[in-house]
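Here is a short briefing on one chain. Read it alongside the sequence and the 3D view.

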Amino acid sequence: MRLVHDLLATESRHARIILGAHKRTLGKNSIQLGRRNRLESEFARLSGTRISVKGSNNLISIGPRTRIEGCHIFISGSNNTVTIGGDATLKDAELWIEDEGNCISVGQRTKITGRTHLAAIEGTALQIGEDCLFSSSIHFTTSDSHSIVDLAGSRVNPPESIT
């Protein structure tokens, strides 16, 4: 894979790679990486996609020949990872990470289409295997994004990883 700071796709067959930019918009793609974050990809195609990263030491890795259309990848926190395997297709999906040390992984040749929300929060992992097919209106989240405690003060909804 090739290390890049910004990846922008045109309507051409392969992605166009631009080095050294921290914020860039081309067509309907918007990529905001901030500082000390990485985007790695080779020959991926993005169309109508937003990537927003706040924090540091985050990595977004997109495999070869992957198509990402109308998606939003959002990271707020540090030391997080988003990995999308080669030959995958994501359309109208949202990958959402909050806090520290989370991971979202989508396997090779997986197809996700239509209003799908994948969220990893509070130091958890959300892992989708290879060769999966998801239709629309799917919501996976590793946490409720808030604590619920019982009368003794113990949390009853701790975050858990999803595989």
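**Overall make-up**

Of the chain's 163 residues, 44% count as buried. The model is predicted. DSSP runs give 18 strands and 0 helices.

**Contacts along the sequence**

- Take the contacts between residues at least 6 apart in sequence: 15% of them join residues at least 24 apart.

**Nonpolar core**

- The largest nonpolar core has 28 residues.
- Which members touch the most other members of this core? They are Ile 51, Ile 60, Val 82, Ile 84, Leu 90 and Leu 95.
- Eight strands are listed as each supplying at least two core residues: E8 (50-54), E9 (59-62), E11 (72-76), E12 (81-84), E13 (89-98), E14 (103-106), E15 (111-121) and E16 (125-128).
- Strand E13 gives the largest share of the core, with 4 residues.
- In soluble globular proteins, nonpolar side chains tend to be buried together.

**Surroundings of Val 82**

- Leaving aside residues up to four places away in sequence, Val 82 touches Leu 59, Ile 60, Ser 61, Ile 73, Ile 75, Leu 95, Ile 97 and Ile 104.
- Ile 60 and Leu 95 are on that contact list, and both are also among the core residues that touch the most other members.

**Strand pairing around E8**

- Strand E5 (residues 29-32) runs parallel to E8, and 3 bridges join the two.
- E8 also runs parallel to E11, with 5 bridges between them.
- What stands opposite Gln 32 in E8? The residue is Ser 52.
- Ser 52 has a bridge partner in E11 too, namely Phe 74.
- In a regular strand, side chains alternate between the two faces of the sheet.

**Aromatic pairs**

- How many aromatic pairs does a search of the whole structure find? The count is 2.
- One of them joins Phe 134 and Phe 140, with 5.9 Å centre to centre and 50° between the planes.
- Phe 134 is buried, because its relative accessible area of 13% is under the 20% cut-off.
- Phe 140 counts as partly exposed, because its 29% relative accessibility falls between the cut-offs of 20% and 50%.

How values were computed: Residues are numbered from 1 along each chain as its sequence is written. This is a predicted model: local features need pLDDT of at least 70, side-chain atom pairs count only at pLDDT 80 or more; totals for chains, interfaces and linings use all residues. Side-chain values use heavy atoms; hydrogens and water are left out. Rings of Phe, Tyr and Trp (its six-membered ring) pair if their centres lie within 6.5 Å; planes under 30 degrees apart count as stacked, over 60 as edge-to-face and the rest as tilted. Buried means under 20% relative accessible area, exposed over 50%, partly exposed in between (1.4 Å probe, protein chains only). Contact means heavy atoms within 4.5 Å. A nonpolar core is a set of buried Ala, Val, Leu, Ile, Met, Phe, Trp, Tyr and Cys residues joined through side-chain atoms within 4.5 Å. Two strands pair if DSSP finds at least two bridges between them.
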